[in-house]
Amino acid sequence: MKYSNLFEGTECEALLIIDSSEQNMDLYYLTRFFAPDAFACVITPEQSSVIVSDLEHGRACMEAKVDFVLRQIEYAQKYSDSAGNISVTMKAVISVLKEKNIRKVLVPQSFAVLYADILRAEGFELCVKQGPLVKQRMIKTADELNYIAHAVLETENVLEDALNRIACSEIRDGKLYYENTMLTAEKLKNHIAARLLERGYLSLYTIVACGEQGCDPHHQGSGPLYAHTPIIIDVFPRSLTNFYFADMTRTVVRGTPDPYVVSMFNSVARAHQAAVDKITDGVPARDVHKAVLDVFEKDGFKTGLIDNMLQGFIHSTGHGVGLDIHENPRVANVDDILTDGMVVTVEPGLYYRGFGGVRLEDLVVVTGNGAANFNRLPKQLVVAP
């Protein structure tokens, strides 16, 4: 991997990250070493190193895609100043930096203040990298595109089965029953999670939001699922082997939806297609977002405070997806330019109290010939056996 582009616009001699790669996907991307506990990574324009405990040393030697794997305890013992309460990790980091004659260090904007204070006290100069740390993460490699495509395929298979449960449910007193048992958001989410886990994907925080719950785009949903009412199902599982995400949403009704909900759905579907049609290499993200806004305005769907609640189209059109479920670029009224190889969601939605929410979401890759859609699952509002 080339590291010089990490230092663009700076005069720093090294990049330092101290974190858990289970949580910090920049760290995982740079090292391809997945660890639940924090470790240090030092990268210069020429080479990369990780500093790990003895617990992780053997595995890091086999798995980490770096030039050097250093033993934390070995370098901590080289730290000569016994004053102060400094952790073994920081002693090792200081020793490594001094051995490499590094004095000016680039750190991510999430870098811990405690670590920064210790390094400055040792005479190091720190520069904070504003914005994305590893910009190349936005452009997916062929392997990454394959990981995401497989994640979408498995997600669609499971979501199709979940939608079939809704379609085959009976309507009793306005509620849905599947195989003589009341169908709830919790049961459907558990079913989705179990099926995805069988396929090697972890599905956390899945949204199954019915009716008024769907007016809050991130409401996870709870309780009975009702007939004649829109149900938003938003699934974003992560692979347990390569850690890449899928992300997709469908909105369905079992029964007869209110005519206004039908008009919402049709407008969201048109807005979705307008956004997909706009996406191509080099297009400003704000132009894609504006395409959605134009459809909603033409169709008469307003956004703003209604009865002291923000309603209408109340979020961005999309976001990047990869090792993080939300990553750059943003598809909104921002300066981002969509570029060949970026993977983004397209997820317009409308939310109105008294009717519920409607959202449709696909995952696409930006190409020079437009947007290539990973998704194949149809978008239909009314489902039935």
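Predicted model: local features only at pLDDT ≥ 70, side-chain atom pairs only at ≥ 80, totals over all residues.

Modeller: On the α4 side, M90, V93, I94 and L97 make the contact, and they meet Y115, I118 and L119 of α5. As for the geometry, α4 covers residues 88-99 and α5 covers residues 113-121, and the two pack at an angle of about 45 degrees. Their axes lie 11 Å apart. An angle under 35 degrees would count as roughly parallel, and one from 65 to 115 as roughly perpendicular; α4 and α5 are therefore oblique to each other. The crossing of α4 and α5 is right-handed.

Now for the cysteines. The structure holds 0 disulfides. Take C61, which is in no disulfide: the nearest cysteine sulfur belongs to C41 and is 14 Å away. C61 has 46% relative accessibility, so this residue counts as partly exposed. Then there is C215, whose sulfur has its closest cysteine sulfur in C210, at 11 Å, and that is too far for a bond. A disulfide would need the two sulfur atoms within 2.5 Å. With 6% relative accessibility, C215 falls under the 20% cut-off and therefore counts as buried. Side by side, then, C61 is partly exposed, whereas C215 is buried.

Technical notes
Residues numbered from 1 in each chain as written. Heavy atoms only, no water. Axes fitted to C-alpha atoms, helices over the stretch in contact; angles between N-to-C directions. Helix = DSSP H or I, 4+ residues; strand = E, 2+ residues; numbered from the N terminus. Parallel < 35°, antiparallel > 145°, perpendicular 65-115°, else oblique. Left-handed = near helix turned anticlockwise from the far one by under 90°. Contact = heavy atoms within 4.5 Å. Buried < 20%, exposed > 50% of the residue type's maximum accessible area, 1.4 Å probe, protein only.
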